[in-house]
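Q: I'm new to this one. Can you walk me through it, beginning with a helix?

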Amino acid sequence: MNEKTMNTHCIVIHGGAGTIIKSLMTAEMETAYRAGLKAALDQSEEILRKGGCALDAVEAAVTVMENNPLFNAGRGSVFTHEGKNEMDASIMCGQSLKAGAVSGLSHVKNPVQLAREVMEYSEHVFLCGKGAEEFAISRKLAMEPESYFFTQPRYDQLMQIRDSGKTQMDHSAPVEKPPSKKIGTVGAVALDRMGNLAAATSTGGMTNKMFGRVGDTPIIGAGTYANNNSCAVSCTGHGEFFIRAVVAHDVSCLMEYGKYTLADACQEVVNKKLLSMGGEGGLIALDRKGNVSMVFNSEGMYRGRKESGKESEVFIYKD
Ligand code: ASP
């Protein structure tokens, strides 16, 4: 790293992509989303400002959003067809290429913290279901009863589409429904003062998903990827497409092997490859020079960034 890049830090977050339209948003809801994003940025940026590592920062940012019922992760997770919450999360270190992932959780308060524990304290990368929850208990993580994850708007959202045979992306409820019923997967990417990158993503998945369905969020290379040789990426969108397009790793490979810039790599994958497959969503990405991309092919994406020495910025709509 050269002098200029050292001592620079940056955190970028998202709170999900989908049909987010300004004319359907109330002032109160917009204020609440903006405050939720800002709280996650402020808490995680403080870690970086004090010299903390990128992994700690992405874990903190995602934890704040998992605890906020506005977002489709942790507490505000959407419901499966059976009316349950099944949460997925992952985290990756760009320096070591170590990663941790979890899926099918119903009681772990902060799935991203369990993903970190899997990465740090197990021999494995990916734990699912009962085994993952037993590991969480053995690591003394906070557990909650199923009722903790019940939120009425998310349940109403399931009731509206349960018998349609379709799944629904968190923010892509039919447009006539108020945006309070649209909530979002969360993710973060960070660059610390040592020049290391990290990424983390957490979700309740898609409303009305089949029991046992796993999306892109916990799949390293699909929903989450970090590599100091290229970039850190966290995705949100229709997970099946993100898995098939291997989105996060594709962005990284275009940079590492194809010598694309971060911006070009993100455009190529989100607005060409994914679009041509019919995959809706977006991603946030960050490289070691502090370049940031927040790209989506949907109506909107809750997102924000905070760089060293600058105020936090949050955005919702296309412009
Ligand atoms: N990607 C998530 C999933 O498919 C959903 C989302 O990002 O809204 O599980």
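A: The buried residues of H1 are Met29, Glu30, Tyr33, Gly36, Leu37, Ala40, Leu41, Ser44, Glu45 and Leu48. Buried means under 20% relative accessible area, with a 1.4 Å probe and protein chains only. This is a predicted model, where local features need pLDDT of at least 70, side-chain atom pairs count only at pLDDT 80 or more, and totals for chains, interfaces and linings use all residues. Residues are numbered from 1 along each chain as its sequence is written, and side-chain values use heavy atoms, leaving out hydrogens and water.

Q: What do the buried residues of H1 pack against?

A: They pack against strands S1, S5, S11 and S12 and helix H2. Helices (H or I, at least four residues) and strands (E, at least two) are DSSP runs, numbered from the N terminus.

Q: New topic: how many aromatic pairs are there?

A: The structure holds six. Rings of Phe, Tyr and Trp (its six-membered ring) pair if their centres lie within 6.5 Å; planes under 30 degrees apart count as stacked, over 60 as edge-to-face and the rest as tilted. Tyr33 and Tyr302 form a stacked pair, 4.1 Å centre to centre with 25 degrees between the planes.

Q: Which parts does that pair tie together?

A: Tyr33 lies in helix H1 and Tyr302 in strand S11, so the pair ties together parts 269 residues apart in sequence.

Q: Is Tyr302 buried or exposed?

A: Tyr302 counts as buried, at 1% relative accessibility. Tyr33 is buried too, at 0%.

Q: Which residues do ring pairs link into a cluster?

A: Tyr33, Phe71 and Tyr302.

Methods
Buried means under 20% relative accessible area, exposed over 50%, partly exposed in between (1.4 Å probe, protein chains only). Contact means heavy atoms within 4.5 Å.
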